[in-house]
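Please work through the exercises below with the sequence and the structure open beside you. Each exercise sets a task, and a worked solution follows it step by step.

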Amino acid sequence: MNLVDLRSDTITRPTPQMRDAMASAAVGDDVFGDDPTVNELQARAADLLGKEAALFVPSGTMANQVAIRTHTEPGDEIIVESGSHIFLYEGGGFAALSGVSAHCVPGERGVLSAQQVAAAIRPPGGLSHFPNTSLVCLENTANRGGGAVYPQETVAAIAGVARDAGLRLHLDGARVFNASVALGLPVAEVVAPFDSVSFCLSKGLGCPVGSLLVGRRAFVDRAHRFRKMFGGGMRQAGILAAAGLFALDHNIERMAVDHARARRMAEAFDALPGYAVDLGAVQSNMVYVDVAGTGLDGDAFVAALVERGIQAHATGATELRLVFHLDVDEAGVERTLAAFSELAA
Ligand SMILES: Cc1ncc(COP(=O)(O)O)c(C=O)c1O
């Protein structure tokens with residue numbers, strides 16, 4: 001039995017059509033700037049996001065870390081949400097690679113307010129005691145926030161606070177196309193307030209590898225140097241970029257299907273005895289569900305799901321995360337619902 005794999009949207013495998021596009025890609029040495037397919041993807045990404053330039057990098061983590069290094073100087077401080085990927089899941093890279101400290105602010109479902117950001121900015125002066133706050137990083141959609149989407153007016157207000165204080169604003173937009181689809185807004189509008197944006201090709205867009213870092217020309221030129229320093233300069237990377245171009249053509253609008261499925265599952269689980277879902281957080285392709293009421297802990301519940309042909313990720317003692325993506329079909333959704341019904345209290 002093929003398992004329905006809901007652990008993450010990173011588990012998608014390239015389709016035969018995507019593989020064809022990769023196999024026939026024109027390539028060159030991208031460290032020399034000679035790869036036509038990488039150049040095309042970078043131009044396309046910049047255009048799509050309404051920014052001047054873009055840089056292809058191997059991972060979302062590298063895109064964020066290169067962005068932080070490019071925007072800051074050692075000794076600076078960055079403002080991040082307490083459950084953000086940059087703070088929790090990038091190996092402390094901001095400290096090791098950029099020499100900056102992080103001011104963590106707990107958001108509401110991973111979403112910060114302008115007031116919180118304003119309060120987290122260190123005052124200037126202070127007899128040189130304080131670190132220099134130089135960058136604010138937001139995450140949209142917010143993974144640990146349940147896939148919650150930033151309201152546009154909140155982003156605009158935070159951008160105003162950052163601008164007034166002379167700070168840069170970076171978006172960890174690993175899933176920014178999910179945010180764009182959920183908001184029903186063009187992605188360029190979603191990211192307009194940001195100085196830089198990272199986004200992943202290897203999540204809901206269905207590519208095997210790759211992320212882009214997007215921003216002003218001067219920012220991307222400087223980021224190019226740090227990409228090389230961090231070991232992210234690739235050679236005939238057009239094979240990977242071709243998958244990205246294919247995904248931008250074919251895999252954005254369909255995310256609405258993943259969102260509808262996540263919503264349907266969340267509501268169904270919440271209506272069953274033994275499960276609790278924060279329905280307000282289910283705004284994109286994820287469902288976090290507490291299974292405490294079934295009498296099983298997270299690991300035991302995951303094992304029981306595997307017996308029923310489903311894979312999910314235990315994210316807490318009794319909490320599971322399910323992520324909907326393009327390798328899940330309707331039969332998989334039905335099987336998931338049947339398994340949860342069977343295991344209900
Ligand atoms: C919100 C967020 N940012 C960044 C990343 C990093 O992406 P990668 O795994 O490509 O390094 C992830 C990956 O899960 C993520 O969820």
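**Exercise 1.** Decide whether arginine 109 is buried, partly exposed or exposed, and describe its backbone and its place in the chain.

*Solution.* In this predicted model, begin with the relative accessible area of arginine 109, which is 32%. Buried would require under 20% and exposed over 50%, so arginine 109 counts as partly exposed. Next, look at the backbone, where the phi of arginine 109 is near 50°, a positive value in a residue other than glycine. Most residues other than glycine have a negative phi. Finally, locate arginine 109 in the loop between β4 (101-105) and α6 (114-120).

**Exercise 2.** Find the cis peptide bond that involves threonine 141, and state where threonine 141 is found.

*Solution.* The bond in question joins asparagine 140 and threonine 141, and its omega is about 0°. Most peptide bonds are trans. Threonine 141 itself is found in the loop that runs between β5 (132-139) and α7 (152-164).

**Exercise 3.** Identify the buried residues of helix α8 and the elements they pack against.

*Solution.* Helix α8 covers residues 176-183, and within it Val176, Phe177, Asn178, Ala179 and Ser180 are buried. The buried residues of α8 pack against several elements, among them α2 (36-49), β6 (168-172) and α12 (255-271). After α8 comes glycine 184, whose phi is positive, near 70°.

**Exercise 4.** Describe the largest nonpolar core, and then trace the contacts of leucine 205.

*Solution.* The largest nonpolar core has 53 residues, and those with the most contacts inside it include Phe177, Phe199 and Leu205. Helix α11 (residues 238-250) gives the most to this core, with seven residues. If neighbours within four places in sequence are left aside, leucine 205 is in contact with residues that include Met18, Phe177, Phe199, Leu248 and Met255. A second, separate core has 27 residues, including Val287 and Phe340.

**Exercise 5.** Work out which polar side-chain atoms of aspartate 172, arginine 175 and lysine 203 lie by the ligand, and at what distances.

*Solution.* The residues around the ligand include His85, Glu139, Asp172, Arg175 and Lys203. A polar side-chain atom of aspartate 172 lies 2.6 Å from a nitrogen atom of the ligand. For arginine 175, a polar side-chain atom lies 2.9 Å from an oxygen atom of the ligand, and for lysine 203 a polar side-chain atom also lies 2.9 Å from an oxygen atom of the ligand. The protein covers 82% of the 390 Å² of accessible area that the ligand has on its own.

Definitions and conventions
Residues numbered from 1 in each chain as written. Predicted model: local features only at pLDDT ≥ 70, side-chain atom pairs only at ≥ 80, totals over all residues. Heavy atoms only, no water. Core = buried A, V, L, I, M, F, W, Y, C linked by side-chain atoms within 4.5 Å. Buried < 20%, exposed > 50% of the residue type's maximum accessible area, 1.4 Å probe, protein only. Helix = DSSP H or I, 4+ residues; strand = E, 2+ residues; numbered from the N terminus. Contact = heavy atoms within 4.5 Å. Near = heavy atom within 4 Å. Polar contact = N/O pair within 3.5 Å; in protein donor to acceptor, adjacent residues only side chain to side chain. Areas by Shrake-Rupley, 256 points an atom, 1.4 Å probe, with all protein chains shown as cover.
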